[in-house]
Structure formats: C-alpha cells, structure tokens
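Reader: I'd like to go through this one with you. Can you put it up?

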Amino acid sequence: MKSTLLGASVAALAIALSAGAASARDQIQVAGSSTVLPYAKIVAETFGETFNNFKTPVVESGGSGAGIKEFCRGVGENTIDIANSSRPIKSTEVESCKAAGVTDIQEVKIGYDGIVFATDIAGPDWALKPEDIYKALAAQVVVDGKLVANPNTKWNQVNSALPDWDIAAYIPGEKHGTREVFEEKLLHKGCEAAGGLEAAKAGGLDEKAANAACIAVRKDGKAVDIDGDYSETLARIASNKTGVGVFGLAFYENNADKLKVATVDGITPSVDTIAKGEYPVSRPLFFYVKKAHLGVIPGLKEYVDFFLDDQMIGPDSPLAEYGLVSAPDAEREEQRKAFDSGKTM
Amino acid sequence: MTDIASSGTLIDAKAPPRRDIGLKRRYAAERRFRIYGILAVSVGLVFLAVMLFSIISQGYTAFSQTAVTLPITFDPAVIDPKNERESDPTKLQTANYPALAQKALAEKLGFAANDRAATRQLRGFLSDTSRVQLRDIVMADPSVIGTTRDVEILTSANIDSAFKGQIDLDVPEANRKVSDQQVGWMRKLSEEGALATRFNTGLFTNGASSRPESAGMGVAIVGSFYMMLIVLLVALPVGVAASIYLEEFAPKTKFTDLIEVNINNLAAVPSIVFGLLGLAVFVNFFGLPRSASVVGGLVLTLMTLPTIIIATRAALVAVPPSIRSAALGLGASRMQMVFHHVLPLAMPGILTGTIIGLARALGETAPLLLIGMVAFVADIPSTPLDPATALPVQIYMWANEAERAFVERLSGAIIILLIFLMAMNLTAIILRRKFERRW
C-alpha cells in the first residue's frame with residue numbers, strides 16, 4: 001500500500017511540474033474590477049452557451065488595480081488575456097506593461113456606471129451638490145475648521161435651498177460596486193469642497209487616513225446601507241416619503257412614475273449627460289485586451305466582439321437590465337470599429 | 001504562631017484544634033469555577049446553535065427547486081423558420097429556444113401571448129436555462145423537430161423564491177419582483193400539478209452562473225476534491241518522511257533544533273503568505289496555469305505540511321521506547337524498527353493529524369485569491385490543470401451576489417461545506433478509535 005501511495009505521489013508531482021509548458025490554454029482568462037465582474041459574468045456565461053465550440057471564459061474578481069497588475073505581468077499562456085477596469089488605465093501602468101513586454105493593449109469601453117439620487121414623486125425638486133451630500137452623510141464634518149461628529153439632522157441645515165426634511169438616505173451597501181462611485185465622486189469631492197480633507201490633514205492625519213476619513217459614512221442611522229437591489233431602496237422610499245435613495249440610472253428610468261430625480265451640480269442625469277461625461281456621478285467602465293493573445297487564445301476575438309454586440313451592451317440588453325448605462329449608439333459603433341481595426345494604446 | 005508551651009498544654013487538654021484551612025472558601029471557589037466552566041461551554045453551544053439554526057433555516061430550501069413540466073412542441077417555424085438546417089447546421093444552435101417554452105407555457109395556461117408586456121411576463125416566469133436545455137435535446141436528435149414532448153423546465157429564480165414563500169406577496173405589486181399575474185399562473189399550475197418543487201441536483205452538478213436557478217457548486221466540489229487529493233498525495237509522504245527522519249534518524253544538533261523551530265513557526269504563518277509564494281513559484285516561475293486546482297493543491301500542500309509534520313512527530317514520540325529497544329534487541333535495523341514497528345503504531349495519530357490538516361485546507365480561501373481561483377468558472381474541470389474554484393470560494397462569491405435567490409443558495413453551500421468538514425472530522429475520530437493502542 002505504501003509503495004502504491006508513493007508511486008501515485010511521485011506521478012502527481014511529475015504531472016504537476018511537467019504540465020505547465022505542455023498544455024495549451026483553450027479558455028479565456030479575465031481578471032479585474034469587481035464593478036465590471038457581474039457584467040463580465042453575464043457575457044461570459046452567455047458566450048459559453050452561444051458558442052459551444054469555446055469554453056466559458058474564467059472571470060476573476062479582485063479589483064481594477066490587481067487585474068491590471070496581473071495583465072501587465074507579461075505575454076504568454078499563463079498570463080491573463082483581459083483586464084476589467086472601472087477606471088482608465090494609468091500611464092504608469094502602461095509603462096510597467098511595456099516593460100514586461102505587453103506593448104499592444106486595446107482599450108474597450110463597455111458603457112457607464114451612473115448613480116442618481118431620487119425622492120418620492122410627490123416631493124419638491126432637489127438640486128444637490130457633492131458638498132451637500134458630504135455634509136449630510138459623512139461621519140465627520142467641518143465645523144469652525146475642525147472635524148467633529150456630524151451634527152446635521154435636517155437637509156436644510158446642510159443647504160438652505162433643500163427642504164426641511166429629516167436626513168434619511170438609502171445608499172448602496174459596502175458590497176455594492178456603486179458604493180465606490182458614491183464615495184469617490186460625491187463624498188470625497190464634497191469633502192474637498194467643504195474643506196474636510198484639509199481639516200483632516202491639519203488634524204494630524206496622513207494622506208491615506210484623511211481620504212478614508214472623508215468617505216466614512218455616519219453610522220447613527222441617518223444613512224442606511226442597502227445591501228439588496230434597488231427595489232429594496234424603492235420600497236424604503238415608498239414607506240418613508242421624506243427619504244432620499246440612490247439608484248442606478250436604468251432603475252430610475254424604469255420607475256420614473258414613482259421617483260423624482262435630483263440634479264447634481266445642476267445636471268439632470270440621463271443617458272446623454274452620462275455618456276458625455278457632464279453628469280458627475282458616473283464613470284466609464286473598460287476592459288483591456290492583450291493584442292498579442294488575439295488569434296492565440298481560442299475565442300478571444302469572438303468574446304470581445306460578442307461583448308461589444310448590441311445584444312449584450314445595447315440599451316435593451318441583459319447588461320442594461322443589470323444596471324449598465326449603455327453608451328450612445330455612435331460611441332458603441334466607434335468602439336466596435338476601433339477594436340476591429342486593431343487600434344492600440 | 002502559638003508558642004510551644006501553650007500548644008503542649010492544648011494537646012494535653014482535649015481534642016486537637018481545628019486549623020483554619022479555608023475549607024468553605026475553597027469549596028466555594030470550586031463551585032464558582034464549575035459555574036464559570038458551564039457558562040463558557042453554554043456560551044459556545046448557544047453560538048453554535050444560533051449559527052446552525054440560521055444557516056439551516058435559511059439554507060434547507062436551496063436543496064429543492066421549482067420546475068414546471070410543459071408539453072413542448074418543437075415547432076420548425078420557430079427553430080428553423082427559413083428551413084436552412086440541412087445546409088447550415090449552426091442555425092440549430094442559435095435558434096430562439098426560449099420562445100418554444102414560452103409558447104408552451106402560454107398554451108398550457110390558455111392564454112394568448114400577443115403583446116410585448118405578456119411576453120415579458122412569460123419570459124420572467126421561466127428560467128433562461130431553457131435555451132441550453134432545449135437546444136441540447138434538438139442537437140442530440142434533430143428528428144425531434146415537429147414533435148411534442150413533455151419537458152421539465154426550471155422556473156425563474158423569482159418564481160422559485162415566491163413558490164417557496166420567500167417573497168412577501170402582501171407588499172404592493174410594484175415593490176416585488178413577481179407580478180400578480182405570475183403569482184396567479186404559479187398557483188394555477190401548482191393546483192394542476194404541473195408546477196412543483198423537486199430535488200435541486202443542479203446545486204451539486206452545475207458550475208457558477210449569474211442566474212441563481214442554474215448556479216451550482218459542481219466546479220467547487222470537483223476543484224476541492226482535486227486539491228484535497230493533491231494535498232494528500234504530496235503532503236502526506238513528504239511530511240511523514242520528514243518527521244521520521246527528524247525524529248528517528250537525525251542527530252540532535254543546533255541545526256536540527258533550528259529546523260524544528262522553523263517548522264513550528266511555519267505552521268503559524270498566515271495562509272495568504274502561502275498564496276503569494278504559490279503565485280511567485282508555481283505560476284510565475286514554473287509556469288503552471290492560473291486558476292488551476294493543481295496550483296491550489298500545491299499551495300495548500302505547503303500550508304498543510306507543517307501541521308502534518310508536527311502531528312506525525314507527536315505520534316512517533318508517543319510510541320514507547322521499549323518497542324524500539326525490543327526491535328533493536330532482536331536484531332532489527334533502525335529502518336526495520338521504524339517501518340515494521342514504530343510507524344504502524346503511530347499511524348492513527350498521523351492519520352488524525354493529516355485529516356485535521358486537510359479539513360483546515362478545505363476551508364481556506366485566502367491563499368487561493370492570489371493564484372486566481374476566486375473566479376467565475378462555469379465549466380466543470382476535467383483535469384486538475386483546468387480552472388476551478390473551491391467550496392469556500394464559491395460561498396464567498398455567492399455572498400457578494402445581489403439577487404435574493406442567492407441568499408438561500410449561500411446557506412445551502414455552507415451546509416454542504418459543513419457536511420464535508422464533519423465527515424472528515426468523523427473519519428479522523430473513527431480511525432483514532434479503531435487503531436488506537438494503549439500501553
């Protein structure tokens with residue numbers, strides 16, 4: 001028994017160590033942003049079902065930065081083919097990619113991630129600024145140049161133009177990808193505008209701690225984390241008519257009969273203003289393709305083409321249903337053309 | 001305290017004095033300690049009970065799934081409207097199969113689906129898995145086109161949740177994911193017996209999916225199995241060999257002491273560090289494929305090795321020296337002594353240590369994160385070189401899903417993992433009981 005076990009062990013080790021060089025990969029490997037993950041998952045699954053001559057791509061999560069780092073590790077079968085990212089690749093990252101031999105990178109924009117603030121349809125019009133959101137919802141705000149626990153209880157204490165409502169906001173929970181946009185584009189921006197960042201630094205915090213302090217949300221029950229989907233937020237607003245909820249743009253548009261949307265910095269959110277980049281609380285979502293792998297990894301080109309097809313990222317597609325803001329028709333067409341022509345960064 | 005003289009007189013007088021030995025106080029202390037002990041045990045038990053109750057009460061429904069049996073007519077006008085299947089067989093692959101199921105459902109309900117709103121209601125009732133299911137039937141036997149046969153189609157996750165009573169149907173229609181019309185259909189089909197719950201085999205056989213109703217642990221179970229196999233085949237022989245050498249053959253020098261200290265330290269290293277090591281060594285240096293269970297297995301082997309070495313050495317030390325002396329005295333070589341006498345006697349301890357090490361490895365996610373095993377993998381891996389996930393990884397992935405129906409699947413997955421762990425610990429106990437020798 002001992003000798004068979006030993007034999008099996010030796011064989012296992014031998015297989016393990018010889019395998020690396022021998023096997024050709026027949027499965028696309030994707031890594032990166034957890035915001036893009038649900039979209040990439042839907043596309044990967046549908047791709048695997050539609051093309052049964054290709055295997056379903058493997059999609060790892062782990063964040064944009066980690067994904068791009070893996071992506072830039074080099075060219076070859078044991079490196080990933082695609083990096084999902086919820087931000088454009090940085091020039092330093094492109095440099096490190098080049099240093100590792102990943103010279104030709106194709107950028108693909110899949111659409112936008114946009115969040116809106118909405119209140120019950122019967123309420124007054126809302127015009128918000130990031131600063132208002134910060135002052136109403138941050139854990140600590142600036143009073144007389146110092147950070148103190150947030151004393152505001154009503155919206156009109158934050159900004160006299162806002163109604164005399166108790167602060168009750170239903171915001172995406174920490175598990176949500178949109179939470180990042182909320183933190184980055186509203187709390188952090190508002191924090192800078194209100195002087196919170198400086199006050200935090202003056203209070204002896206380093207850069208990182210100051211940024212973290214800016215995006216900390218108050219925990220006294222006035223800002224409620226919603227971990228479910230937007231329908232839960234909608235139900236909360238229905239039961240509390242003076243509540244403010246955060247929704248995906250697509251969800252708001254489907255429920256425009258019940259919700260009134262707030263402007264941010266004076267811009268009304270819409271597919272147009274988001275796609276043009278005017279509406280501040282949105283960001284484009286990308287993935288990056290290693291050109292050297294096209295034609296080497298089976299199905300890679302088909303996968304990208306399939307992703308860019310209107311049946312995936314169009315206005316009436318599964319991804320739009322899940323919350324992606326489709327880019328305007330012309331921009332989608334442009335993305336397809338750019339990919340087909342092999343344009344690299 | 002008292003002087004000798006007075007104590008002498010006391011002895012002479014009558015009964016010896018009772019020294020104050022704090023009997024009462026000591027008994028009270030013991031009673032208090034017992035109460036503390038019982039409290040500590042009950043706190044542990046209460047937490048365990050609460051955890052098991054919440055997991056099982058939320059998760060047991062994941063093992064059943066709602067399906068509806070429909071007489072599907074494989075209508076050539078839907079599957080192949082231009083009659084091109086002779087010339088272009090790929091047409092059969094991309095046909096609109098869900099439409100067949102929706103049509104069959106509409107007919108079953110005696111309802112005409114002629115506008116978009118009604119179609120959407122029908123589409124929301126049935127799972128999109130019907131596409132693959134019906135396509136596979138047609139691809140396997142194209143002669144089915146034009147005939148009618150009963151097919152069991154899964155309902156969508158929302159209908160499944162509603163049928164299991166997990167969606168509050170008292171809230172206004174607009175606030176829930178199932179419409180009143182769909183609930184009416186569901187009740188009607190259920191009365192007719194067409195719609196019912198059945199055992200959810202897909203939970204064990206399917207890979208990951210973005211649709212809750214077709215999501216399963218298949219990839220994770222296979223991946224975990226491969227990894228455990230690799231850990232067993234690599235870590236057990238290496239660990240046992242190392243400990244036998246260190247315990248029975250190696251001279252006791254400063255150097256072997258250093259090795260011993262290092263092995264003990266290694267057992268306490270956080271598992272994420274092994275993940276980093278695995279990425280650097282196995283993926284980047286040896287060029288093994290990312291996300292593959294072979295890399296996961298090797299990383300977990302590194303992690304389990306110290307545990308196995310420590311357990312094996314303890315088991316070897318526990319074998320009485322008289323056995324060794326007797327073997328050597330009868331003329332056995334050191335190697336014969338070890339392999340004929342010491343090792344068989346130490347085996348139960350070694351196996352117990354190994355199984356406990358394996359159980360710990362089975363529950364690890366952190367080292368797998370860096371080697372790409374925390375991923376969406378839909379295809380069941382056929383060899384350890386294919387991408388795979390692991391049981392705890394699948395639990396982690398489902399915990400991050402937004403859909404309601406993943407909540408019960410999450411708890412169901414935890415139940416599966418707990419059953420695996422319990423089975424392993426039980427095996428360890430049985431082995432120990434069976435082979436244990438006392439001297």
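Reader: Which residues of chain B does the UniProt annotation "transmembrane region" cover?
Author: The unreviewed UniProt entry gives residues 33-56, 225-246, 266-288, 294-316, 337-359 and 410-431 of chain B. UniProt positions are in the numbering used here, feature names are shortened, and annotations may be inferred rather than shown by experiment. This is a predicted model: local features need pLDDT of at least 70, side-chain atom pairs count only at pLDDT 80 or more, and totals for chains, interfaces and linings use all residues. Residues are numbered from 1 along each chain as its sequence is written, with chains lettered from A and ligands numbered from 1 in the order in which they are written.

Reader: How far apart are the end C-alpha atoms of residues 294-316 of chain B?
Author: They lie 31 Å apart, and the span is 100% helix and 0% strand. Helices (H or I, at least four residues) and strands (E, at least two) are DSSP runs, numbered from the N terminus.

Reader: How many helices and strands in chain B overall?
Author: Chain B has 19 helices and 4 strands.

Reader: Other topic. What does the C-alpha trace of chain B span along its principal axes?
Author: About 120 × 65 × 35 Å.

Reader: And what does V295(B) touch?
Author: Leaving out residues up to four places away in sequence, V295(B) touches G278(B), F282(B), V283(B), L288(B) and I371(B). Contact means C-beta atoms, placed from the backbone, within 7 Å.

Reader: How much of the contacts in chain B with a separation of 6 or more comes from residues 24 or more positions apart?
Author: Such residues account for 75% of them.

Key:
Contact = placed C-beta atoms within 7 Å.
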